[in-house]
Amino acid sequence: MALWAPAAQSASLTPDEKNSAELKPAVVLVMVSYTVTWTMGKPYHIERTEVGSGFVYRPDGYIITNADVVADAHLTDPAAFKALTARVSAEFQAALQQGGIVRLIERQIGRPITTKEKLALQSHPNISISTPTLKIYLANGHAYNAQIVRWDAPTGEGKGVAILKIPANDLPTVPLGDSDKARVQDPIMVIGFPGVASNWGGASDLLSNESDFVPAATSAHISALKTSTIGAPLLQSDAGITPGSSGGPVFNQNNEVIGIAAGSGEAAQGSNFFVPISGAMELVRQAGAPPTAGTFNRTWSDALNLYDQGKCRDSIAAFDHVLQLMPGLPDARNFRMAAVNCWDGKNIFQRLLESHPAMIYAIVAFIAILLVAIALFRRRSGVSVATQPAGDHTPVAHGASPPATTLATYGRIQGSAGALSGRSFKIPKDGLLIGSSPKCQVVVQDDTVSSEHAWIVPTYNRVVVIDHGSSDGTYVNSVDSPRVTKIGLFNGDKIYLGKKGTVVFTYFGS
């Protein structure tokens, strides 16, 4: 059964939806499996599987998870394997007393076991286990055998972190943040694979197999800053953590990992804990593999941005590129399907506007200039014309001559934040185009600035700023204000290029 796809006609994302969509491909499913064998006349087998979560922090296959998740696979010495065997034997005896083992044997042999067989089973279980295997399942369901590169004792005894490695490249990644800056009541998002929402966790009658590789994103807050029994820092949260979510990433509002979900017994509101990412950084350094991002992240982000901007046709090709890098990624397939439906639902004018915006803007600009020329002609001919209110301007496209203006001077902009901070630029009659492209009059190299981000241009008796379809938006006086399409400027207004507020200009009217 196909997974739910985003709304076809909307072609836009809420901020929270976009954040989770960007981050989910780097969250992985971690499985440790081994076979328990005992003999009662002939061998009987039970497959044991421990499931958890993890996240990729380098595109060449380095993964961080909770130490508890892979503890059964961390058998670097005979004592560790002996301890695992002893624990499994104890669990076997407990299951035997509760009747579970007997019922399993009876299902396998097709008859009730005799009293003699039951006594022999209780007296001489003769249990052995196979060498555990450690597998990583990516978001597209592809599986890889993993090796443990670094491992520290579980939380309460050590850092509670493990570094894994799989033989893969061009993987999606998530950035690592600074957990030392975390504060009580900071909003967070936890992504992982809760076992109760999976086929192996008891939902096999409800979910498709593909759904097993779709992680869950949960919004919560940091509720307390605490320490473990050995004095190591811990983050307490009101997020619900269930078996399977352990090892998953905890994100701050900047989409940076600041914590790792720790194992939780009884899931109780407000009593779940995260290992701060600072506890993993020492192991990251020991592994000699510092965090980096790769091609997938840029490609995936570009595709989501195009879709979010309503550029349905362009996003189809972008999602195709994503699927070349990570074949079968469910989110990419679903968004691509939604983009196709969005494009199919557009009329001829909407398709022309998306495919050839310059042509539409040129036509609008021509009509605007023609209307201004007619108005001027009528004024010179003595015909009264209505005065156009300030701030209500005909849209002007870049590349066309701006309408006639009554301004004696157009003022200037001065960099207030970013690489051009302190530099001043006079606004000419044709306006200033700001962006990262060399053909702009004001060139700004910053990852929040689009190639042609914004145009500041005189029109009638007002200087306006027009957003040029930028990825991160243009804002006036505050990044919390609505995203600008076109708005008149007043002396002292601040122009923010992008939501982060790293590039800011101040407008001076004279």
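**Close-up views of a predicted model**

**View 1. Strand β20 and its place in a sheet.** In β20, V463 is the bridge partner of P458. Please keep in mind throughout that this is a predicted model. Strand β20 spans residues 462-467 and pairs with β19 in the antiparallel sense, over six bridges. Stepping back, five strands form an open sheet with mixed pairing, and their order is β18-β17-β19-β20-β22. At the edges are β18 and β22 (486-488), each of which pairs on one side only.

**View 2. A salt bridge between K439 and E452.** Here the side chains of K439 and E452 meet in a salt bridge, with 2.8 Å from N to O. K439 belongs to the loop between β17 (432-435) and β18 (442-443), while E452 belongs to the loop between β18 and β19 (454-459), so this pair ties together parts that are 13 residues apart in sequence. Are K439 and E452 buried or exposed? K439 counts as exposed, at 59% relative accessibility, whereas E452 is buried, with a relative accessible area of 19%.

**View 3. A charge over a ring at R462 and F490.** The charged end of R462 sits over the ring of F490, at 4.1 Å from the ring centre. A second contact of this kind involves K165 and Y62: the charged end of K165 sits over the Y62 ring, 5.4 Å from its centre.

**View 4. R87 and D72 joined by a salt bridge.** The closest N and O atoms of the salt bridge between R87 and D72 are 2.5 Å apart. R87 lies in helix α2 (residues 78-97) and D72 in the loop between β3 (62-66) and α2, so the two tie together parts that are 15 residues apart in sequence. R87 is partly exposed, its relative accessible area being 30%, but D72 counts as buried at 13% relative accessibility.

**View 5. E282 and K159 joined by a salt bridge.** Which parts of the chain does the pair of E282 and K159 tie together? The salt bridge itself has its closest N and O atoms 3.2 Å apart. E282 is in helix α6 (residues 278-286) and K159 is in the loop between β7 (147-151) and β8 (161-165), so the pair links parts that are 123 residues apart in sequence. Both ends are partly exposed: E282 at 35% relative accessibility and K159 with a relative accessible area of 29%.

**View 6. An aromatic cluster.** F296, W300, Y307, F319 and F335 form one aromatic cluster. How many aromatic pairs does a search of the whole structure find? The search finds seven.

**View 7. A nonpolar surface patch.** F366, I367, L370, L371 and I374 make a nonpolar surface patch of about 490 Å². One of these residues, L370, is found in helix α11 (residues 357-380). L370 counts as partly exposed, at 43% relative accessibility; patch residues need over 30% relative accessible area.

Technical notes
Residues numbered from 1 in each chain as written. Predicted model: local features only at pLDDT ≥ 70, side-chain atom pairs only at ≥ 80, totals over all residues. Heavy atoms only, no water. Salt bridge = Lys/Arg side-chain N within 4 Å of Asp/Glu carboxyl O. Helix = DSSP H or I, 4+ residues; strand = E, 2+ residues; numbered from the N terminus. Buried < 20%, exposed > 50% of the residue type's maximum accessible area, 1.4 Å probe, protein only. Phe/Tyr/Trp six-rings, centres within 6.5 Å; stacked < 30°, edge-to-face > 60°. Lys NZ or Arg CZ within 6 Å of the ring centre and 35° of its normal. Patch = residues over 30% accessible without salt bridge, like charges linked within 9 Å, V, L, I, M, F, W, Y side chains within 5 Å. Areas by Shrake-Rupley, 256 points an atom, 1.4 Å probe, with all protein chains shown as cover. Pairing = 2+ DSSP bridges.
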